[in-house]
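Visitor: Please show me the model, and then I will ask about its parts one at a time.

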Amino acid sequence: MTFDSIDAEKPIVGMLHLPPLPGAPRSNGDLDMVREAALRDARRLAAGGVDALMMENFGDAPFYPDDVPKHAVASMTRVAGEVRDAVDLPLGINVLRNDVEAALSVAAAVGADFVRANVHVGARVTDQGVVEGQAHETVRLRERLDCEASVLADLDVKHSAPLATRDTAHDADGDQRAPEAAASRFDAETVAEPVERGLADGVIVSGAGTGHAVATEAVAAAAAARDEAGLDAPVIVGSGVTTENAASLLSVADGAIVGTALKEGGVTTNPVDEERVRRLVDTVDETR
């Protein structure tokens, strides 16, 4: 199973963590510096062999919950357009914390291939407060813009907690689940909702925070729930992939988004280390 826009089995998506954009608290106001950093990292990721890129405004903390300022969208559009022109790889957009309308707008403007929706359906408690899914707006905007970008939706997004628990002891038909299935945070209904009701094109499973690993068992549970629901949607690992755990995670996942492990010294805000990229890609190639 592959992303529609990526010609690779179990693709690796390399992260472009943008430095603070003009207007953000830690910014020095220099958009050219942001652009140069993004182009440097994009070229290193491409040279190291990743299959796609994803760009996000990582340096803009503290993040707006769901409506970033227009100047931030404009800056991201400029940088994304230059990345798109410089590197011949599929490109994704994530506008933190959860401005998927902005992400789709950037994607439509520059011809990007996919966006990440941190909260697509339901609601989550985050450091920005309660963040609610906007699938009803997101997919309608995609149609209005005639944008073909795929929507990849997090199931249990990092740096957040569920607003409420739900009954997973019974399946969609009301039948009692096996104890091990009931204990999983990913059941068929949970995985199906963003895809069947939210019209997402794929789902993402991540750890507790940026760079934090997710257990292979959790990814396997999400993939099994996807299969139980009869969905044709990739299950993607969204954080914590390293050279050491990539083979295990990609034995059950359909792809991975990788950032921190590809940076100099394994520090998220450092530049991309091309040799680290090559090592991880070589490890993944052995599993494809």
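Predicted model: local features only at pLDDT ≥ 70, side-chain atom pairs only at ≥ 80, totals over all residues.

Visitor: At what angle do the axes of H1 and H2 cross?
Guide: Helices (DSSP runs of H or I, at least four residues) and strands (E, at least two) are numbered from the N terminus. Axes are lines fitted to C-alpha atoms, for helices over the stretch in contact, and angles run from 0 to 180 degrees between N-to-C directions. The axes of H1 (residues 31-48) and H2 (residues 70-86) come within 10 Å, and the crossing angle is roughly 35 degrees.

Visitor: How many charged residues are in the contact of H1 with H2?
Guide: Contact means heavy atoms within 4.5 Å. Among the residues that meet are Asp32, Arg35 and Arg43 of H1 and Arg78 and Glu82 of H2. Asp, Glu, Lys and Arg count as charged, Ala, Val, Leu, Ile, Met, Phe, Trp, Tyr, Cys and Pro as nonpolar, and the others, Gly among them, as polar. Besides 8 nonpolar residues and 1 polar residue, the charged residues number 5.

Visitor: Which residues of H9 does H1 meet?
Guide: H1 and H9 (residues 274-285) pack at about 35 degrees, their axes 8 Å apart. From H1 come Arg44, Leu45, Ala47 and Gly48; from H9 come Glu274, Val277, Arg278 and Val281.

Visitor: Why does valine 50 count as buried?
Guide: Valine 50 sits in the loop between H1 and S2. Leaving out residues up to four places away in sequence, valine 50 touches Ile12, Gly14, Leu45, Leu89, Val277 and Val281. Buried means under 20% relative accessible area, exposed over 50%, and partly exposed in between (1.4 Å probe, protein chains only). Valine 50 counts as buried because its relative accessibility is 5%.

Visitor: Which residue of S3 stands opposite methionine 54?
Guide: Two strands pair if DSSP finds at least two bridges between them. S2 (residues 52-56) and S3 (residues 91-94) are parallel, with 4 bridges between them. Leu91 and Ile93 of S3 point one way and Gly92 and Asn94 the other, all of them buried. Opposite methionine 54 stands glycine 92.

Visitor: With which side chain does the side chain of aspartate 254 make a polar contact?
Guide: Aspartate 254 lies in the loop between H8 (246-250) and S11 (255-258), and it counts as buried because its relative accessibility is 8%. A polar contact is a pair of N or O atoms within 3.5 Å; within protein, one must be able to donate a hydrogen and the other to accept it, and residues adjacent in sequence count only if both atoms are side-chain atoms. A polar atom of the aspartate 254 side chain lies 2.8 Å from the backbone nitrogen of valine 235. The side-chain partner, at 3.1 Å, is arginine 226.

Technical notes: Residues numbered from 1 in each chain as written. Heavy atoms only, no water.
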